[in-house]
Amino acid sequence: MARVVLVGNLAQLTGGVTEFELSVTSVKQLFEQLTELYPAIGRHLDDGIAVAIDGQIYQDSLLEPIRPDSEVFLLPQIAGGSTSR
Amino acid sequence: MRYEAPGTVEGAVALLAGATGEARVLAGGTDLLVQMRADIVDPGLIVDIKKIPETRAITEEKGGWRIGAAVTGAELKEHPKLKKVWPGVVEAANLIGSTQVQGRATMGGNLCNGSPAADSVPALIAAGALATLAGPKGRRDLPVEDVMLGPRRLALEKGEIVVSFLLPPRPPRSSDAYLRFIPRTEMDIAVVGAGVNLTVDGSGIVTAARVSLGAVAPRVLLVPEAAQAIIGSRLDKPAQERLEAAARAACRPIDDKRGTTEFRIDVAAVLTRRAALIALDRARTS
Amino acid sequence: MAETTTNGHAQSVVGTRTVRPDGVDKVTGRARFGADFNLPGQLIGRVLRSPHPHARIVSIDTSKAEALPGVKAVITRADFADQPSEFIPAGEMMMNYKDVVRNVMAREKALYEGHAVAAVAATSAAVARRACKLIDVQYEVLPHVIDAVEAMQPGAPLLHDDLFTVGVEPRPDKPSNVAKKIEIKQGDIEAGFQKADLVIEREFKTAPVHQGYIEPHAALATVSEDGTAEVWCSTQGHFIVRAHCARLLGLDIGKVRVTASEIGGGFGGKTVVYLEPLALALSKKAKRPVKMVMSREEVFKASGPTSGATVRVKMGATKDGKFVAATAELKYQAGAFQGSPVQPGVMCAFAPYDIEHVYVVGYDVVSNRPKVAAYRAPGAPISEYAVESVVDEIAKKLDIDPIDLRMQNAAREGTKAAYGPKFGPIGLEETLNAVKKTEHWNAPLRKWQGRGVASGFWFNIGGETCVSLTVNEDGTVSLVAGTPDIGGLRASLAAVAADELGVPFDKVRPIIGDTGSLGFNFLTGGSRSAFSGSMAIVEAAKQIKADLCARACKMWEAKPEQVEFSDGAVRPLGALAEKAKPMTIADFARVAGKTGGPIGGVGRINAQGAGPSFGTHLVDLEVDPETGRATILRYTVAQDAGRALHPAYVEGQYQGGAVQGIGWALNEEYIYGADGKLQNAGFLDYRMPVASDVPMIDTVLVEVANPKHPYGVRGVGETPIVPPLGAIANAMENATGIRFTELPMSPPKVLKALKEKGLNKA
Amino acid sequence: MAKHHIQAQVNGDEVEFLCETEETLLDVLRDTLNMTGSKEGCSSGDCGACSVMLDGRLVCSCLVLGCEVGGRRIETIEGMAQGEKLHPLQQRFLEHAALQCGICTPGVLVASKALLERNSNPTETEVRYWLAGNLCRCTGYDKIVTAVMDTAAAMRKG
């Protein structure tokens, strides 16, 4: 089970819960599971969110793999790294 | 917008006197062109005085020096003799803007722009310079301190121009200095300017002095009290303190984007003292 | 420079100080910047701007202007469709299209002095100028608010009646000027401060400062009857300009072609659109090309700047110097529309240090100022200045060497960053060591001289990048990149291409392609262009090498394992080496047609793995106690570049950032009058450092390789502006014994402080 | 009123142009003569990007009226290289990476050339004060000053 931590304001969409244990193998799965748990968070995951997997920050990259022992942080995107147009 | 570049003073005066709308004299243009671009002025006539030989000349006259109103700062600096006799006046003129601006800016323009922060004006006033004016009624000489009445307000009559400045003859052991304060090392308008001109006797006692302050009042000030404070002294500590007190007392500055009232008064005192000491040192060794 | 090897290929060009390929054009005046483009039949566009900081626009009558001979088009809010509320990345920060359309052209209200309210296109600049004076705008002047803290007070003039603070639960029922509240938490703050022997808390204020690029914004646009449009403009991201313009004018992205001119400085300020949509709208109406160039006054009043801010920092340390807890509260000005860089400000504040208990809260506050734009490490210099000042005070109180104190608490590989994740390999300790080893650190100081040190952090980013490499018929290589080159990018990318393909540097011609020539590129920002671009080139070169090996196999009737690409040629291996001669790229170029057609590769990536960048700055200054004027005497920058692709241009980034920081610390500021109008909208009174204000800037290139990049590169462009503010404030304290908590530390402020302490005597 | 008909010499070539009184020399160079090497950064004489030589004097072309230059000699960045050969300053600016974005470079080069023509052996301080009217926001001036001093040294050796 990967350890997932929400940084900053995202916790407000999970009723204050900031840490999860989730069995996911990719960022895409992670987002899907979180959205099932907290539908309100979905819209925010689509854009403006970066994912740090074991210390490495990925700016909107749905396909990055997540290992069972991974530590994953969801944080605001840095310096407008988003590529939505 | 009409542009004329007459070759004689009379020609320039006639054009300006005959102007119906707003008319402006163009010397170096370093203020005029900026004000035109910024829509501050929109003259119908521009009279370029640089084609008039006497506005461009530096000549010795009755032991003193006559400097054309349209002589540039760069030309003043390059003059072989002037810098030795009037180092304060030359260094003041050389503080007007960048190297590029030095290639254009003139003391006539600096005075007639009517800014209390003009760098060359305190030095000219301290020097006891006369401005030679020409107008429809002929020519007259006016002490530089009487030319500017207030911000953008001059004692010139319609059609009158500044043709040249006359720096008086120098007694031995005389010199001058000008200092200004700006936040950077270059490219700023003076927050405070101080010009000191003095003469010492063989024993190093100040026998005559003139002190002028810029950017601390609506017009550049001649401060006789400051001069009195050091005449008869060797500019020792007490004299320096009297000088600073007199300088402070004369200041009537404003608070603005360039400095606070308090700051201007404090710095005016400091610069006056420093300029006096430089002038003293120069006078002793001249 | 010694040859090093990465990924098995010998490097000969990367790491050397080549002459930039675009250099000759730039020293001869041939290079074409934004205002240097002209088209036949072009009109000149001019913007009419609001004289009021806050006013409802009752009516706009353009009839007199339209009647003026020579006027071909006039546009107002009526010419732009409104946009729904939707956030998009505007350069380095998020922006909302609803706000973008209002910022380029005021709708209901003018929200700052200089806010565009109308624009004209005419046959000459003079006519356009006259036409603007003929536009009759009726304003209902409203009370204004300039300061962010005042804007947060209840009863302050409200800029947007539909702005409700996000991030506050429950959602406020009343609108306010506070757009957003953001927080990061770690550990247990109360418990943390319990462990502290020393707690220091201070409040700091910084003034808004402008990016100060020397080239004003400029755009030339033409729209044809069928809706195809072309734009030439000075921008950090022409693909972003295309996206914004297509959206604002309702055009297909594919029909808009944007060409980035040479760019005369950006620093973040050219990541958003101002003139481009206006020029397009005017051209659409006039059916002629329209050229628009901002005046310097317009640049100051209507573009940039970055936030001014109020920052409160509280840090606790044990008596032996371990930081145990830290909190900060940040209030950042966003300007007239939400979107200040407070988010990165919050995340960067304590990033250089390993602190168990951290809480940072930030507020994004609107007021009647121009909407802020990104400025070099957006938000970070402000919060890190405050923190570095407090760190310096802790060092002093505990009598610990300030470098040793930073070293003791420095973030290192494995440290959990204050914003969450653990750091990979980073170079903060190395920069601290580098500074301590300099002769500068131990040089003697005289009375009224002071020395200050500070460290700084910036994330750096990657992002979408597309680069093409084409091998021409003669074996030369064309490199096309899509991120504008501001500080030597083409030199760096050409060096990588030369090494990857094993061709001479001068056989690679790098250009910045227009939006039609490549796939989407995110803009030049976030210190990403050399990092991401070089990654994309490695990818493109890989394709070329594979293609050439395949062609060789066909020609030599060999198996893939019998050939390899190395040092610019496909080489036969083993037995094959007897029959076949190695084929260089030039050899293949000659027979390209016969062997399958043109040779080339396109790198299309979303670059990940940007390496965080840390720097430490050391500065000496001297204060004139009688005037309060500070003179910078000596300056040293040490920063981790990961790997310097072009050392001279990396040094240039360090030196330029340091001097921008000097301006920010000592003299630069936006000065407003009580009337809410900007009083220093020009280079005369907005005091950027001139050549005689600064000393040489010594640099130390620290290289802690970024493992996620084929050459080990980290972005270098932004971090250099982070440490100067703190370093200079610390040097001022060292010189005067006074802790200055407000920027800029301009002479009137400094003299006042010295007087209060009775120190204003030489 | 009718435009002024001006004849002047630009980089050694006789040129003729028409201009309004309010048009500056910079406007004329860029818009009428299509010589866009001189840049407009402020049009108030504060940035130096429009620096040119007027009868051998360094000036900001934004502070000179087009109608003032009749019969006078103007030198711009476009005339700095001698045919194929770059001026030593241009060459050393490239070698020392003394430019980043390059917008200030033409003005800095014209100003530096003017300095070296008057002072073949300037101190660092002299270089910095001479160039104080040329704003550069990218380089921090370090590599510019180094390039100018290095060029001066090389030219002294001849």
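User: How many residues of domain 1 of chain D are in contact with domain 2 of chain D?
Analyst: This is a predicted model. On the domain 2 side of chain D, 11 residues take part in the contact. On the domain 1 side of chain D, the number is 13 residues.

User: Which strand gives the largest share of the side of domain 1 of chain D that touches domain 2 of chain D?
Analyst: The side of domain 1 of chain D that touches domain 2 divides into 7 nonpolar, 5 polar and 1 charged residues. One strand of chain D supplies 3 residues, the largest share of that side. It spans residues 51–54 and is β3.

User: How far apart do the C-alpha centres of domain 1 and domain 2 of chain D lie?
Analyst: The domain assignment of chain D places domain 1 at 4–79 and domain 2 at 88–157. Between the C-alpha centres of these two domains of chain D, the distance is 22 Å.

User: In chain B, what gives the most to the side of domain 1 that touches domain 2?
Analyst: The assignment for chain B gives domain 1 as 52–167 and domain 2 as 174–285. In chain B, 24 residues of domain 1 are in contact with 27 residues of domain 2. α5 (87–93), α8 (120–127) and β8 (148–150) of chain B each supply at least two residues of the domain 1 side. The top contributor, with 6 residues, is α8(B).

User: How many residues of the side of domain 1 of chain B that touches domain 2 of chain B are nonpolar?
Analyst: On this side of domain 1 of chain B, 4 residues are polar and 3 are charged. The nonpolar count on that side is 17.

User: Is I40(B) buried or exposed?
Analyst: I40(B) sits in the loop between α2 (32–37) and β3 (45–48) of chain B. I40(B) has 11 inside 10 Å, so it counts as exposed.

User: Which strands are the edge strands of the open sheet of chain C?
Analyst: The open sheet of chain C has 7 strands in the order β5-β9-β3-β16-β13-β14-β15, with mixed pairing. An edge strand here pairs on one side only; in chain C these are β5 and β15 (256–260).

User: Why do the buried residues of α4(C) line one face of the helix?
Analyst: α4 of chain C covers residues 125–134, and its buried residues are V127(C), A128(C), A131(C) and C132(C). Seen down the axis of α4(C), these residues line one face because they fall within an arc of 140°.

User: Which strands and helix of chain C do the buried residues of α4(C) pack against?
Analyst: The partners of these α4(C) residues include the helix α2 (63–67) of chain C.

User: At about what angle does helix α8 of chain C run to β13(C)?
Analyst: Helix α8 (276–286) of chain C lies across β3, β5, β9, β13 (218–223), β14 and β16 (290–293) of chain C. Its angle to β13(C) is about 35°.

User: What gives the largest share of the side of chain C that touches chain D?
Analyst: The contact takes 42 residues from chain C and 42 residues from chain D. α1 (23–28) and α19 (647–666) of chain C each supply at least two residues of the chain C side. The largest share of that side, 8 residues, comes from α19(C).

Technical notes. Residues numbered from 1 in each chain as written. Chains lettered and ligands numbered in written order. Predicted model: local features only at pLDDT ≥ 70, side-chain atom pairs only at ≥ 80, totals over all residues. Helix = DSSP H or I, 4+ residues; strand = E, 2+ residues; numbered from the N terminus. Buried ≥ 20, exposed ≤ 12 C-beta atoms within 10 Å, placed from the backbone. Arc of directions from axis to C-beta. Contact = placed C-beta atoms within 7 Å. Domains from an automatic or database assignment. Nonpolar A, V, L, I, M, F, W, Y, C, P; charged D, E, K, R; others polar. Pairing = 2+ DSSP bridges. Axes fitted to C-alpha atoms, helices over the stretch in contact; angles between N-to-C directions.
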